[in-house]
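Hi,

Have a look at it first, then read on.

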Amino acid sequence: MPKKILYADDDPGLRRLVQRGLGAQGIAVVAVEDGLAAVERLRGEEFDVVALDHHMPRLDGLGALQRIQEMPDHPPVIIVTGEQDSAVAVTALKAGAFDYVLKDASGQFVPLLLAALKGAAEAMRLRRAHQAAEDELREQRDRFERLAAERAMLLREVNHRVANSLQLIAAFLQLQGGSSKNAQVKAALTDATRRVMAVAQVHKRLYTSEDVQSVSVDQYLAALVEDLAKTDATSEPALSLAVEPIDLDPDRAVAIGVIVNELVLNAMKYAYPDEKGPIRIGLKRINGKHAMLSVEDDGIGCNITSMPRSTGLGRSIVGAMATRLGAEVVYDPAHSGTRVVITFECGPQSPA
Ligand SMILES: Nc1ncnc2c1ncn2[C@@H]1O[C@H](COP(=O)(O)OP(=O)(O)OP(=O)(O)O)[C@@H](O)[C@H]1O
Ligand SMILES: [Mg+2]
């Protein structure tokens, strides 16, 4: 139900009629004598609905309608026309009027006008509610996007710090190894350094990439292998890498990295007792959901059943990481040398 309306009509009798008729329904009617007066009134005051007679001096109903349409956030307009010119009604609707009412001199049309006013006010209320809901939705979405961006930035920041701290720990271990006279201690600390670096690399990948939730395992392994080659100052291992682009969540990426680290270290340590030989690392998708990781050498080979239980830490680390991946560690018996294959679930290929 509209509370306050603006009514323009050059007939003072009809103005009074409408004011009285609608006033009885509790509607405040501001009545003016023509279109120009209506437009001026609208500039300074708010109305729920505007009703305009068509034939008026100075500015007629259609003319006033046009000007009102140009106002931002204007109320709905109803055109009131004499029965003889119903063509005006059609023009008015096309020009953006909400409704039209055919009037008569006796005032029979007032109830019709009331119905039209109610319809217009209700339509306006719905439109505003709809607009408010849309604004709210947009705001929520903006807020969500802002939060997501903030969160990604924080995650990147955290990964940066974690990577730095891990690198610091690796440096300490390396220093300690370097200062030790005991060859066994030295070797153990070098291994420990590499294990820490393997994990550090994942965090480095996470703050340098666009996506903070996943790691490009191919790039990660490339960096890891580079680290491995670097830390082995005594020899030049012939490490070669054939990895397909695969994205993984950080947890599984760490597992893959740690496994590769252990297997490559083993190959570097044991496969070639005399002269160095090739060590190959492979990673490829074998179907929509699985990928296969392999680390192989052409060295002396290792028989897992008669494997000497040295420290054996490497093997348990590999086992634990494979369990994390839900995968099994398979030593390929057909390969001369050592070939370790791990098949794991990697999810569907992300669209490039
Ligand atoms: N690629 C390989 N070629 C030949 N022998 C290997 C190879 N990988 C592993 N081995 C043998 O398997 C043993 C067990 O490996 P594992 O990684 O479990 O322990 P480690 O390397 O001796 O100790 P750690 O990993 O704790 O430093 C090794 O001592 C080695 O004799
Ligand atoms: Mg080992």
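The thing to start with is the distance between the two domains: the C-alpha centres of domain 1 and domain 2 lie 80 Å apart. In the domain assignment, domain 1 covers 4–137 and domain 2 covers 235–352. Do keep in mind that this is a predicted model.

How does the whole chain look? The C-alpha trace spans about 115 × 45 × 30 Å along its principal axes. You'll find 9 helices and 12 strands in the protein chain. Its radius of gyration is 40 Å, well over the 20 Å that the globule rule gives for 352 residues, so the chain is more spread out than a compact globule. Of those 352 residues, 36% count as buried. Taking contacts between residues at least 6 apart in sequence, 66% join residues at least 24 apart.

α5 runs over residues 110–179, which makes 70 residues, and its first and last C-alpha atoms are 102 Å apart, close to the 104 Å expected at 1.5 Å a residue. Which of its residues are buried? They are V110, L113, L114, A116, L117, A120, A121, N159, A163, A170 and L173. The cover over them includes β1 (4–8), α1 (12–23), β3 (49–53), β4 (77–82), β5 (99–103) and α6 (183–208).

On to the cores. The largest nonpolar core has 49 residues, and V217, L221, I259, V260 and V264 have the most contacts inside it. At least two residues of this core come from each of α5, α6, α7 (217–231), α8 (250–271), β9 (278–285), β10 (290–297), α9 (313–325) and β12 (338–345). The biggest share is from α8, with 13 residues. Another core, of 42 residues, lies apart from the largest one, and A31, A64, A92 and L113 are among its members. That L113 is also one of the buried residues of α5.

V318, M321, A322 and L325 are the buried residues of α9. Seen down the helix axis, these buried residues fall within an arc of 105°, so they line one face of α9. As background, an α-helix has 3.6 residues a turn, so residues three or four places apart point the same way. S316, A320 and T323 are exposed, on the face of α9 turned away from the buried side. Cover for the buried residues of α9 includes α8, β11 (329–331) and β12. Just after the helix, G326 takes a positive phi of about 70°.

Two residues further along show how parts of the chain come together. D297 is in strand β10 and counts as buried, with 28 other C-beta atoms within 10 Å. D297 and P278 are 19 residues apart along the chain, yet their C-alpha atoms are separated by 5.9 Å. Not counting residues up to four places away in sequence, D297 touches A267, A271, G277, P278, I279, G337 and T338. S336, by contrast, is exposed, with 12 other C-beta atoms within 10 Å, and lies in the loop between β11 and β12. S336 and D298 are 38 residues apart in sequence and 6.1 Å apart in space, C-alpha to C-alpha. With residues up to four places away left out, S336 touches D298 and G301.

Most residues other than glycine have a negative phi. Which residues go the other way here? R58 is not a glycine but has a positive phi of about 65°, and D73, also a residue other than glycine, has a positive phi near 55°. R58 sits in the loop between β3 and α3 (61–70), whereas D73 is in the loop between α3 and β4. Are they buried or exposed? R58 is exposed, with 12 other C-beta atoms within 10 Å, and D73 counts as exposed too, with 7 C-beta neighbours inside 10 Å.

Cheers

Key
Residues are numbered from 1 along each chain as its sequence is written. Chains are lettered from A and ligands numbered from 1 in the order in which they are written. This is a predicted model: local features need pLDDT of at least 70, side-chain atom pairs count only at pLDDT 80 or more; totals for chains, interfaces and linings use all residues. Helices (H or I, at least four residues) and strands (E, at least two) are DSSP runs, numbered from the N terminus. The expected span of a helix is 1.5 Å times one less than its number of residues. A residue is buried if 20 or more other C-beta atoms lie within 10 Å of its own, exposed if 12 or fewer, and partly exposed in between; C-beta atoms are placed from the backbone. Two residues are in contact if their C-beta atoms, placed from the backbone, lie within 7 Å. A nonpolar core is a set of buried Ala, Val, Leu, Ile, Met, Phe, Trp, Tyr and Cys residues joined through C-beta atoms within 7 Å. Domain bounds come from an automatic or database domain assignment. The arc is that of the directions from the helix axis to the C-beta atoms. The radius of gyration is taken over C-alpha atoms; the globule rule is 2.2 Å times the number of residues to the power 0.38.
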